[in-house]
Amino acid sequence: MESFNPRSFFQNVKSRELHGFRVRKRPFVEDLLSGFTESGALSVEHDGDSTIPLAISFCKTSKNSHFFAVSDEDGYVSLFDSRKKFARSECHSKNTEKARIGEWLAHQNAIFDLCWIKDDRKILTASGDQTVKVWDAEEKNCTEVLAGHVGSVKSMCPHPSNSDVVVSGSRDGSFALWDLRCKTSSISSRHKELLIGPTATVNDAHSTQVRRTRRAKAASTSVTSVLYLKDEVSIATAGAANSTVKFWDVRNLKAQVTQASPGCDPLNNKERRLHGISSMSQDANGVFLAVASTDSSIYLYNVLQLDKGPLQTFTGSRIESFFIKSVISPDASHILSGSTDGNAYVWKVSKPHRPPVMLKSHEEDVTAVDWCQSDVGKVLTASDDCTVRVWNIENSYHTSTRSPLSIRRRVMAVPNAECRRLLFKKEQMDERKVQDYSSPSTTAKGQISSFSPITMPIMGTPESRKKKVFTSSDSEACEKTPEATFQSPASVLSPPSSLKRKTIKDYFLAAS
């Protein structure tokens, strides 16, 4: 009985070039969002008592991407392994016992945010006790305490390349910058915790001057979300008072650089209800910024084109609380959001008008969500039903995690005549090399004859050949001038080494 061997990718390409057969398209994640399946559900509990999870975070490095941390309103941090196999027949408590690899009491108050730093060796926790703590994930002990806020710390974000620098936002209306290398003194002799004060603080970052009426309550000045942008010198902040996202330069925090107002119609001057921002997130390259508003919309911005407004708007979920979070995938291809209707929603960025895919299993509000940094097909959702659920796409589906916005290069086949000529030339050179190697008397002692590598012929139309020849011959002479390079918007995220770093502030000053 003959065994069936499926054809390889190269055999399919050869068949297409020779016979014109259509090659079966390989499936991508964006084409098969309906393939999301629940891998398992965990119960967030301690000593048999369930508690509500408030924040979740996957590890950032690829080798530890299967581990994730959960913080809850009782002040605990729990670590889990998502590789464990969960049986649907078992209760959530048994799945928790299988997957949990550690837990500890981190604060005496709720933990609203947490994230991994230092190659997943340490964890940052932001709490309602007005502090941010740094924890050794392996030893489970606190190494530093960031104290300086006078309100609950709602959000925080480390520097993109230097995790010693952290920004945090608080309910007191301020955001602060911290440097973990600036240790001052120990808190007490009982604990080996070092107290760190802020290096810079901006008060009333999102205060609004709104006339207060009898029935209207005073607007909250809380900073609900902070984000350190990938240009490494810019910070984005958002608050509960309005739908304004402000951008700041860390080198001069006296005034904001610019701002974006999702959901605002500049042509409509009528009094309208103010909506706050619940969360912000950016992709791995730092090009796109996803802003979740309490008007139940998620706005997608291009960081280099903030003056043009949001690129897309995603609707379908119900974001009626500041505990409902959203996050954009690392490859900027999808957006995941929680909702107050008990479902999680996934949109495809390139098709915002298509209805989102719903992830149904939770029984209460879905609050915190997160994408795996290395495996885009794996996500986490946390809910007020005291559970955390792991979702995945079948392995055969997520064959590629590249963004649909990235450029695909087309592979061109070499004509048969050129192939024969190159193969014939290669055979002649191989025969000559064998002859030279077999007769060492023809060469110097200890030396081996070397041949120049085969160069591929220039293929294409006459016009494209001229362009290629011109590019290869004059590439060094046609480098960008410093002025042209400096004026490029791309210099914000990847500035040339020979030029002064350009920030978002410089870009907007040049535009004005």
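Phe58, Phe68 and Phe80 form one aromatic cluster. Pairing of this kind is defined for rings of Phe, Tyr and Trp (its six-membered ring) whose centres lie within 6.5 Å; planes under 30 degrees apart count as stacked, over 60 as edge-to-face and the rest as tilted. The structure is a predicted model, in which local features need pLDDT of at least 70 and side-chain atom pairs count only at pLDDT 80 or more, whereas totals for chains, interfaces and linings use all residues. Residues are numbered from 1 along each chain as its sequence is written, and side-chain values use heavy atoms, with hydrogens and water left out.

**Aromatic pairs**

By the ring criterion, the count comes to 7 aromatic pairs. Among them, Trp104 and Trp135 have ring centres 6.0 Å apart and planes at 50°, so this pair is tilted. The pair links distant parts of the chain, with Trp104 in strand S7 (residues 100–105) and Trp135 in strand S10 (residues 131–136), 31 residues apart. Strands (E, at least two residues) and helices (H or I, at least four) are DSSP runs, numbered from the N terminus. Trp104 is buried at 8% relative accessibility, and Trp135 is buried with a relative accessible area of 6%. Here buried means under 20% relative accessible area, exposed over 50%, and partly exposed in between (1.4 Å probe, protein chains only). The rings of Tyr345 and Trp347 have centres 6.2 Å apart and planes at 25°, so they are stacked. Both Tyr345 and Trp347 are buried.

**Salt bridges**

A salt bridge is a side-chain nitrogen of Lys or Arg within 4 Å of a carboxyl oxygen of Asp or Glu. The whole structure contains 7 salt bridges, including those tabulated here.

| Salt bridge | Closest N to O distance |
|---|---|
| Arg100 and Glu103 | 3.1 Å |
| Arg251 and Asp249 | 2.9 Å |

Asp249, by contrast, is buried, with a relative accessible area of 4%. Arg318 counts as partly exposed at 37%.

**Charged surface**

Asp47, Asp49, Glu73 and Asp74 form a negative surface patch. Patches comprise residues with over 30% relative accessible area and no salt bridge, like charges being joined within 9 Å and nonpolar side chains (Val, Leu, Ile, Met, Phe, Trp, Tyr) within 5 Å. Asp74 lies in the loop between strand S5 (67–72) and strand S6 (76–81), and is partly exposed with a relative accessible area of 41%.

Terms used
Accessible areas come from the Shrake-Rupley method with a 1.4 Å probe; for residues, only the protein chains shown count as cover. Lys and Arg count as positive and Asp and Glu as negative; His and the chain ends are not counted. The place of a charge is taken as NZ of Lys, CZ of Arg, CG of Asp or CD of Glu.
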